[in-house]
Amino acid sequence: MAVRRDPQHGYLGGVCAGFAARVGIDPLLIRIGFIAAVALGGVAIPLYALAWVLIPAEGPERPSVQRLLTRSDTWLVAAGMGCLTAAGLLLLRAWDVWFVDDRFLWPAVIAATGGALIWRQSQTAPERVAERARLPRQTVNRATAGAALVVGGALIFLYVNDALAPARDVVLPVLVILVAVAIILAPWWIRLVRGLADERDARIRSQERAEVAAHLHDSVLQTLALVQKRADDPREVAALARRQERELRAWLNNTRPSGEVTLASALEAAAAEVEADHHVPIDVVTVGDGPLDERAAALVAAAREALVNASKFAGPEPISLYAEVADDRAEVFVRDRGPGFAVDDVPSDRRGVRDSIVGRMERHGGRATVHSTPGHGTEVELVIEP
Amino acid sequence: MTTVVIVDDHSLFRAGVRAELDGLVDVIGDASTVEEAVACVVALEPDVVLLDVHMPGGGGLEVLRQVAEKRPAQRFLALSVSDAPEDVIAIIRAGARGYVTKTISGEELADAVRRISDGDAVFSPRLAGFVLDAFAAGSAPVEVDDELEQLTTREREVLRHIARGYLYKEIAARLNISTKTVEAHVSAVLRKLQLSSRHELSRWAVQRRLVD
């Protein structure tokens, strides 16, 4: 377990309280130790401040420095970092701690500002890059501006300290030669880059085509072959067609990130299985989605049971499964258009519905209700509330 | 009998729909391209156009747009194999008065055509789900001053029942209102979808990466 600040039980930043909680002793002892350390020498105070800034507080909050670095208003953060650097250096000068004159101060402030820009960008960029195919222009702008500030700061520092003069004698000829070479080689280079890009595009296209072909071959063609063989069994053919349709749709829409199992996708998978096992069409409509935690899994299991039940009584009409998930509340309705029954007339020794649907839901803090009227089908309502 | 024009780029499918609807409604023409469809609909003036969403040359959306210029009162029923929410919502927003999937039975389709012809809106369970989803995307506490931006509790309740597979008359019985009132609620939802600025809808589209 990591050390966490505990501001709710502390007087200042909760650092002592946090350490006490970690070690498991009374915070008072740590505080006495801290005050003793202050009395012996002042070093405990900056240490405390450092811990305040760097150690995250109790709960999901991140350390202050990290929060500052990942804020969205990058420019403000950079400007703030510049001001902080200036303030720090001026303070050092005022205390005569370290000789800091203007020739060092301003380049350092500029470089710190640029550094903050680049830092901030590198902290947030990866997620954005993963989301989009290319870098957003804003990211490039900020990174460029940051780099320019850092390099500028370094150059100013060298210049005001007269360290540039010898460098200039070396850099100028090299620069001139580089420009000349660039002018000569540019056309070839541009053509090369363009050619590479074209080749890459063509490769991506052919890969995509191959992937589509492979998928169609594995799925649609296989199913069509099966349909031809089973042409004499219409029920089987219809079931095959529906399963294939479902798979192809899932593949075409690709609405959910792969690997992530959510409540809605689990319900859809359960419906697909019941449909395949019992040869009844099931229309699934979902609104919203949520994570598949323990309670949601119980809901899916109960819904599956309700679907299996419904499949025994449903007529030719499809079974409807409707799920709505919003703000921790999940509702599922399973409806068939079978003969229906009078709920009160069911003998109390029939355990199927009671245990696997009603009981399961109640064990997980939800509820299940069966609505049925003879002649109007049956609907099972499953609810999980926060 | 209600007159219908079928617009679909697959001739086999057009023939199939024609056969299924035979005797239930009067199919007076069909078309396989956008230009053909526009010319055909303007010339024949059917009660209802059965419109495929996915067609070359702009698809059903383009047909809707061009016909609306010449014949604003024309009624459309979208009939599609696609159930991608963006396709469906787009065609409804463009003015189609209903959406059904191609696996619908002939009788149900004829019934839907008649209802559209009578001025009613036709929401399949799946469409109701999409609409609820679209409006639910804005359920976070946002300042919403335009009443078009929200569904009323009753409209939401009616949509949920449609999504659960209930027929209009069953919904009316369950909610203790008349079938006409159910129809009115559904039409109101349709109007909101078609008229409202829908900043929730656009945010929903952004979430699904439909818009950059």
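Predicted model: local features only at pLDDT ≥ 70, side-chain atom pairs only at ≥ 80, totals over all residues.
Me: What percentage of the residues of chain A count as buried?
Reply: Buried means under 20% relative accessible area, exposed over 50%, and partly exposed in between (1.4 Å probe, protein chains only). Chain A has 386 residues, and the share of them that count as buried is 29%.

Me: What percentage of the residues of chain B count as buried?
Reply: Chain B exposes about 9,600 Å², of which carbon and sulfur atoms supply 51%; accessible areas come from the Shrake-Rupley method with a 1.4 Å probe, and for residues only the protein chains shown count as cover. Of the 212 residues in chain B, the buried share is 52%.

Me: Is B:R160 buried or exposed?
Reply: B:R160 sits in helix α7 (residues 153–163) of chain B. Leaving out residues up to four places away in sequence, B:R160 touches A:Y322, A:E324, A:E331, A:F333 and B:L132, where contact means heavy atoms within 4.5 Å. With a relative accessible area of 10%, B:R160 is buried.

Me: Which residues of helix α8 of chain B are buried?
Reply: Helix α8 of chain B covers residues 168–175. Just after this helix, B:N176 takes a positive phi of about 60 degrees. The buried residues of α8 are B:Y168, B:E170, B:I171, B:A172 and B:L175.

Me: What is the phi of A:H279?
Reply: Most residues other than glycine have a negative phi. A:H279 lies in the loop between α10 (263–278) and β1 of chain A, and counts as partly exposed at 27% relative accessibility. Although A:H279 is not a glycine, its phi is positive, at about 55 degrees.

Me: What is the phi of B:E45?
Reply: B:E45 belongs to the loop between α2 (34–44) and β3 (48–51) of chain B. Its relative accessible area of 47% makes B:E45 partly exposed. B:E45 is not a glycine, yet has a positive phi of about 45 degrees.

Me: How far apart in space are A:P291 and A:A266, C-alpha to C-alpha?
Reply: A:P291 is in the loop between β1 and α11 of chain A and is exposed, with a relative accessible area of 63%. Apart from neighbours within four places in sequence, A:P291 is in contact with A:L263 and A:A296. A:P291 and A:A266 are 25 residues apart in sequence, and their C-alpha atoms are separated by 9.9 Å.

Me: In which loop is A:D293 found?
Reply: A:D293 is partly exposed, with a relative accessible area of 41%. The loop that holds A:D293 runs between β1 (282–287) and α11 (294–313) of chain A.

Note on methods: Residues numbered from 1 in each chain as written. Chains lettered and ligands numbered in written order. Heavy atoms only, no water. Helix = DSSP H or I, 4+ residues; strand = E, 2+ residues; numbered from the N terminus.
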